[in-house]
Amino acid sequence: MTEQETARPVRKRQVFYIPGYDPIHPRRYRELYRKEGADQAAISGYALSLSPASGARYGWQIEAEIDGAKVDTKVEVLVWSDIVRDSMENTIPATYLQLVRTAWTYLASGALFRLMFLRKGPIIAALYPVGMLLLQLVVALLIGAFCTWVFQALSVFVAGLMIPIPEVVEAYRPVFFLLSVPLFPMTTIAVLRWFKSKDNRFFAYYLMHDYAYSAHWNGANPPELKARMSRFRGAIIEALSSDVDEVLVVGHSSGAHLAVSILADILRAGAVPEVGPALGFLSLGQVVPMVSFLRDAGRLRADLRMLSEQDLVAWVDVTAPGDGCAFALCDPVSVSGVAREDKKKWPLVISAAFTQSLSPERWSELRWRFFRLHFQYLCAFDRPKDYDYFQITAGPKTLAERFKDRPPSKSRIERPLNRYTSVNT
């Protein structure tokens, strides 16, 4: 990317947002942008307004006036929530089987122990659904056993009242036991179903399906996701041939590693024009090591290496230690063991610094809301520093220009810990 391209002001931009493993309709992201963008504009003193986007794909238009410049931006959500929902349509026994398989994948490969040396937060988040699902099973079994015992005791008591002959009542005890046998599995299943119906509070099934989705393929992309990523690639290539000044790809959470592979394929295809929009990649709250540390993630590891060594895509990776669900300040290329230091250029790893960019009062409100904090990158900061999602996506500077003088975080983690460093060529 030349100096002229990075310094070119943006008047028109196309943003592609790739969500993480999220079954919710993409309108959620539009409403989040609308609300939080208005809050940030009021705090930081600029103007921002949204309107419906034209076209068949899902998105919205933004009109902004920032630093005295007017910018038109179109945001498109690259939707794969239907694939996520399909992957979550498991029975309760199938989910517990997933638990065993996923735990075995991460334990047998040694990935779990190596990931612990990076950040404990995401590992705790990964272990949480295992512990919660096992706790739910124990509670369900205990309730099932208790209900069975109560039924047997009541049966004997009622029989004693109706037939006051102890020998006769005792003779019928095996019958009472047989009648109570179906009660144990029925009650246990009913309790487990209740827990599952309340998963919007517990998040145990959701997180289990999330980790199991990658673990099932040992880090490789499943066929249905490959096909969807191909469509995403086509949409981005189409935008690169348009009259916009910048094409910005934003990958959040699991969406970050999808974006890595999509952009690597675009580069391999030679689809970035020599004269055209600046191309930027903003990864937010990434969990790349959860996938790249698995045995069959050679494709992802190759894509990480390629994206780290090229000049056509400016890559900025933003995380925060306050986000317990992300591998905060972990350079995804270096920790995955595929960085060639003599060639590596990207990503620029920086912190959103939640404890500094949020007031003490706001931080106190959010500190223990772990899932909400994982989305803070897409939200307003009441004490903003140099990371502002809305200026990045709707302001007059390209991603490369905005962060060209920004040094990487001093506390970033670059030590390679991955057992599997093979790459698919």
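**Entry 1: the largest pocket**

I looked up which helices line the largest pocket, and helix 2, helix 9 (199-202), helix 10 (204-215), helix 12, helix 13 (289-292) and helix 18 (370-374) each supply at least two residues. Helices here are DSSP runs (H or I, at least four residues), numbered from the N terminus. This is a predicted model, where local features need pLDDT of at least 70, side-chain atom pairs count only at pLDDT 80 or more, and totals for chains, interfaces and linings use all residues. Residues are numbered from 1 along each chain as its sequence is written, and side-chain values use heavy atoms, with hydrogens and water left out.

I noted that helix 10 gives the most to this lining, with six residues. The largest pocket holds about 750 Å³ of space. It has 40 lining residues, and Tyr 21, Tyr 206, Asp 210, Phe 371 and Phe 375 are the closest to its centre. A pocket, on a 1 Å grid over the protein atoms alone, is an open set of points with protein on both sides within 12 Å along at least five of seven lines; lining residues have an atom within 4 Å of a point. A volume is the space filled by probe spheres set on the points, joined across faces, edges and corners.

I sorted the lining by class: 24 nonpolar, ten polar and six charged residues. Ala, Val, Leu, Ile, Met, Phe, Trp, Tyr, Cys and Pro count as nonpolar, Asp, Glu, Lys and Arg as charged, and the others, Gly among them, as polar.

**Entry 2: the second largest pocket**

I found about 340 Å³ of space in the second largest pocket. Of its 17 lining residues, Asn 90, Gln 98, Ala 212, Tyr 213 and His 216 lie nearest its centre. Helix 4 supplies the largest share of the lining, six residues. The classes are seven nonpolar, seven polar and three charged.

**Entry 3: cavities**

I searched the whole structure and got three cavities of 30 Å³ or more. In a cavity a 1.4 Å probe fits but cannot get out. The largest cavity has about 60 Å³ of space. Tyr 17, Tyr 29, Leu 32, Tyr 33, Trp 60, Val 75, Leu 378 and Tyr 389 line it. Helix 2 (residues 27-44) gives the largest share, three residues.
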